Amino acid sequence: MVRRDPRFSLSVLREPEYYAKQAKVLSNLIIILGYTVAAFMAIGAMFGALNCMYSAIASRQVEIATLRAIGFGGAPVVVSVVIEALLLALIGGAVGGALAYLYCDGASLATLNFSTFSQVAFDLQVTPRLLMQGLVWSLVIGAAGGLPPAIRAARLPVTVALRAV
């Protein structure tokens with residue numbers, strides 16, 4: 001019998017299990033590359049948010065100093081700058097999610113599986129859960145990019161800020 005012959009190693013799998021096993025290595029590679037690219041893009045987006053918010057603070061330095069001079073403390077300045085950064089991040093995340101849904105949802109891609117030299121095809125799905133996850137990440141990046149400029153704006157002495165006119 002074939003089952004008892006040590007020269008053969010047989011395993012019985014259902015068709016979906018067989019194809020999932022074949023695509024596992026490629027799937028892991030795509031996931032690792034995807035998260036790596038996403039991490040670099042998130043870091044770049046955070047630096048972009050920092051640059052944008054530092055620029056916004058610099059252009060409104062006199063207005064912020066005037067608010068501080070008439071009695072507003074540092075906390076309201078921090079809160080207002082962080083809220084502005086979060087709103088910008090929310091708008092950017094919503095636009096990015098909408099574009100991802102329009103252009104990527106349902107798209108079919110194919111690549112070569114190097115272990116079997118067969119073609120592996122897969123569909124991209126943009127789910128509501130992924131869209132919410134993207135919005136949450138955009139808010140985290142916006143907060144990380146907005147908090148340091150907000151703290152700098154709150155710590156800037158009023159006299160120095162008003163002399164910058």
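Mentor: Let's start with a pair: helix 3 and helix 4 are roughly antiparallel to each other, because the angle between them is over 145 degrees. Keep in mind that this is a predicted model.
Trainee: OK, what angle do helix 3 and helix 4 pack at, and how far apart are their axes?
Mentor: The angle is about 150°, and the axes are 7 Å apart. Helix 3 passes helix 4 in a right-handed crossing.
Trainee: Which residues make the contact?
Mentor: On helix 3, they include Gly74, Val77, Val81, Ala85, Ala89, Gly93 and Gly97. On helix 4, among them are Leu131, Leu135, Ser138, Gly142, Gly146 and Ala150.
Trainee: Let me pick one. Is Ser138 buried or exposed?
Mentor: Ser138 counts as buried, because its relative accessibility is 13% and the cut-off is under 20%. Ser138 lies in helix 4, and setting aside residues up to four places away in sequence, Ser138 touches Ala89 and Gly93.
Trainee: And what about Gly74, how does that one count?
Mentor: Gly74, in helix 3, counts as partly exposed, at 23% relative accessibility. Not counting residues up to four places away in sequence, Gly74 touches Arg68 and Ala154.
Trainee: How far is Gly74 from Leu156 in space?
Mentor: They are 9.3 Å apart, C-alpha to C-alpha, though 82 residues separate them in sequence.
Trainee: Switching topic: which residues are in the largest nonpolar core?
Mentor: There are eleven: Met53, Ile57, Ile64, Val77, Val78, Val81, Val82, Ala85, Ala150, Ala153 and Ala154. Helix 1, helix 3 and helix 4 are the elements that give two or more residues to this core.
Trainee: Which helix gives the most?
Mentor: Helix 3 does, with five residues. As background, nonpolar side chains tend to be buried together in soluble globular proteins.
Trainee: I see Met53 in that list. What is Met53 in contact with?
Mentor: Leaving aside neighbours within four places in sequence, Met53 is in contact with Val81, Glu84, Ala85, Leu88, Gly145, Gly146 and Pro149.
Trainee: So how do helix 1 and helix 3 pack?
Mentor: At an angle of about 135°, with their axes 11 Å apart. That makes helix 1 oblique to helix 3. Their crossing is right-handed, and Cys52, Met53, Ala56 and Ile57 in helix 1 meet Val81, Glu84, Ala85 and Leu88 in helix 3.
Trainee: What about helix 1 and helix 2, at what angle do they pack?
Mentor: About 65°, and their axes are 4 Å apart. Helix 1 and helix 2 are therefore roughly perpendicular to each other. Here Ile57, Ala58 and Ser59 in helix 1 meet Gln61, Glu63 and Ile64 in helix 2.
Trainee: Which residues are buried in helix 2?
Mentor: Helix 2 covers residues 61-69, and Gln61, Ile64 and Ala65 are buried there. Those residues are on the same side of helix 2, because they cover an arc of only 100° around the axis.
Trainee: Why would they point the same way?
Mentor: An α-helix has 3.6 residues a turn, so residues three or four places apart point the same way.
Trainee: Good. What covers the buried residues of helix 2?
Mentor: The cover includes helix 1 (15-59), helix 3 (74-104), helix 4 (128-155) and helix 5 (158-163).
Trainee: Last one: which residue with a positive phi follows helix 2?
Mentor: That's Gly71, with a phi near 120°.

Terms used: Residues numbered from 1 in each chain as written. Predicted model: local features only at pLDDT ≥ 70, side-chain atom pairs only at ≥ 80, totals over all residues. Heavy atoms only, no water. Buried < 20%, exposed > 50% of the residue type's maximum accessible area, 1.4 Å probe, protein only. Arc of directions from axis to C-beta. Contact = heavy atoms within 4.5 Å. Core = buried A, V, L, I, M, F, W, Y, C linked by side-chain atoms within 4.5 Å. Axes fitted to C-alpha atoms, helices over the stretch in contact; angles between N-to-C directions. Parallel < 35°, antiparallel > 145°, perpendicular 65-115°, else oblique. Left-handed = near helix turned anticlockwise from the far one by under 90°.
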